[in-house]
Amino acid sequence: MKVRKENGKLIVPDQVTIPFIEGDGVGREITPVTQGVVNEAVAKAYKGKRTIGWKEVFAGEKSFRATGSWLPDETMDAFREYIVGIKGPLTTPIGGGMRSLNVALRQELDLYVCLRPVRWFKGVVSPVKEPQKVDMVIFRENTEDIYAGIEWQQGTPEAQKFLKFLTEEMGVKKVRFPETSSFGVKPVSIEGTERLVRAAIRYALANHRPGLTLVHKGNIMKFTEGGFRNWGYALAEREFAEEIKSGRLIINDVIADAFLQNTLLKPEAYSVVATLNLNGDYISDQLAAMVGGIGIAPGANINYDSGHAIFEATHGTAPDIAGKNIVNPSSLLLSSVMLLEYIGWNEAAAIVTSAMEATFESGEATSDLARFMPDGKSLGTKEFGENIMNKMNVS
Ligand code: NAD
């Protein structure tokens, strides 16, 4: 049965169907391991009262081979219809003007939040001294900013036309080398800012998080990044006045470069972070590196108004290690924890999280992490999943 969104609420049936894209490359390894672990946790938590029916939908190379299409309409329809889904990594088709499949999915469903929780697991080796202080949730705007893809290459008639408009109609004199410049446009809107900041505030309040920080470069880009800051504060004061007054919501802001420094110097100062697209890209990767890197960072793309959400492995298809049973499935596993929390199945989510904590704490991990642990024991991808299942305890 399908998840529905009614009167602003997500309605989740006990026998829920979740569409999934297996993913290319290592997707074929991490997806079955993740499903096995989630099925086990759901069975342990709800004793058969709740179950997940996994519905495979196609995208990427597997889809291209089977159907001739990289992203068939049926896949898009399934995510639209079933509301909540999960995906492994996809090969980006090269050439032919194809959009990245990930970008296509985000744009079609207007998934305006890229959600990246970042926390450290005891036992995982980190390049920083006190990784236990890193516990942040990043709300990265997903649809606007310099990432909107509005740009013109140097030397083209379009770039010439844009330059003419800038200089002749807008009186711009600041383009340093006009004839050899490429140009990009950075749209940042009130609506785009407000829906992101609203989602971040609601998340902070619902999860009893101590505060929200708006990260921006408003000191330099006053109307775009500065607008984001100002509209963010205005929204908070307008819609969450009570929470601010009572001290339940503390909202502040910081310049992006200072923020990146501070994440190393005093990461405990930040909890929920809202930021624009480009800043969010850098921030997510730095924070992921601070807690163990690419194999362990989960993510989701969400539209909190329609409810549509796609949870995903944040790494790529890792062709260099595909098929060797060595890939770390933690990114997709932790994304599935996010999915369980999103649909309100918190008991099952907690079972997966505790079992992963216990696994890492005992020095067991896939080789990308185990080789840095003092007494690390390298496990294959499948064995790592089995180990997690064996460590599931229900009180
Ligand atoms: P990648 O993330 O696939 O790999 C980068 C490096 O990290 C490789 O050495 C890889 O072995 C390692 N790595 C990645 N995930 C790992 C894991 N879970 N466990 C252990 N090691 C891991 O990035 P890439 O090589 O730049 O991209 C390969 C393909 O993936 C490209 O086609 C790219 O377009 C695609 N891609 C897809 C997504 C996505 O679907 N979300 C994201 C990034 C890249």
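Here, a residue counts as exposed when its relative accessible area is over 50% and as buried when that area is under 20%. With that in hand, welcome to a predicted model.

**Helix H5**
- Helix H5 runs over residues 157-169, and its 13 residues reach 17 Å from the first C-alpha to the last, close to the expected 18 Å.
- Four residues of H5 are buried: Ala 159, Phe 162, Leu 163 and Leu 166.
- These four lie on the same side of H5 because they cover an arc of only 100° around the axis.
- An α-helix has 3.6 residues a turn, so residues three or four places apart point the same way.
- Turn to the face of H5 directed away from the buried side and you will find the exposed residues Pro 157, Lys 161, Glu 168 and Glu 169.
- Strand S8 (151-152) and strand S9 (183-184) are included in what covers the buried residues of H5.
- Just after H5 comes Gly 171, with a positive phi of about 65°.

**Arg 140**
- Arg 140 sits in strand S7, which spans residues 135-141.
- Is Arg 140 buried or exposed? Its relative accessibility is 7%, so Arg 140 counts as buried.
- The side chain of Arg 140 makes a polar contact of 2.9 Å with the side chain of Asn 277.
- Beyond its neighbours within four places in sequence, Arg 140 is in contact with several residues, among them Tyr 112, Cys 114, Tyr 147, Leu 196 and Asp 281.

**The ligand site**
- There are 20 residues around the ligand, and those that come nearest are Leu 90, Thr 92, Gly 316, Ala 318 and Asp 320.
- The side chain of His 315 has an N or O atom 3.2 Å from a nitrogen atom of the ligand.
- Gly 316 places a polar backbone atom 2.7 Å from a ligand oxygen atom, and for Thr 317 a backbone N or O atom is 3.0 Å from an oxygen atom of the ligand.
- The ligand taken alone exposes 810 Å², and the protein buries 66% of that.

- Ile 83, in the loop between helix H3 (73-82) and strand S5 (84-87), has a positive phi near 70°.
- With a relative accessibility of 9%, Ile 83 counts as buried.
- Ala 318 has a positive phi near 40°, and its loop lies between strand S14 (309-313) and helix H11 (330-342).
- The relative accessible area of Ala 318 is 21%, so this residue is partly exposed.

Conventions:
Residues are numbered from 1 along each chain as its sequence is written. This is a predicted model: local features need pLDDT of at least 70, side-chain atom pairs count only at pLDDT 80 or more; totals for chains, interfaces and linings use all residues. Side-chain values use heavy atoms; hydrogens and water are left out. Helices (H or I, at least four residues) and strands (E, at least two) are DSSP runs, numbered from the N terminus. The expected span of a helix is 1.5 Å times one less than its number of residues. Buried means under 20% relative accessible area, exposed over 50%, partly exposed in between (1.4 Å probe, protein chains only). The arc is that of the directions from the helix axis to the C-beta atoms. Contact means heavy atoms within 4.5 Å. A polar contact is a pair of N or O atoms within 3.5 Å; within protein, one must be able to donate a hydrogen and the other to accept it, and residues adjacent in sequence count only if both atoms are side-chain atoms. A residue is near a molecule or strand if one of its heavy atoms lies within 4 Å of it. Accessible areas come from the Shrake-Rupley method with a 1.4 Å probe; for residues, only the protein chains shown count as cover.
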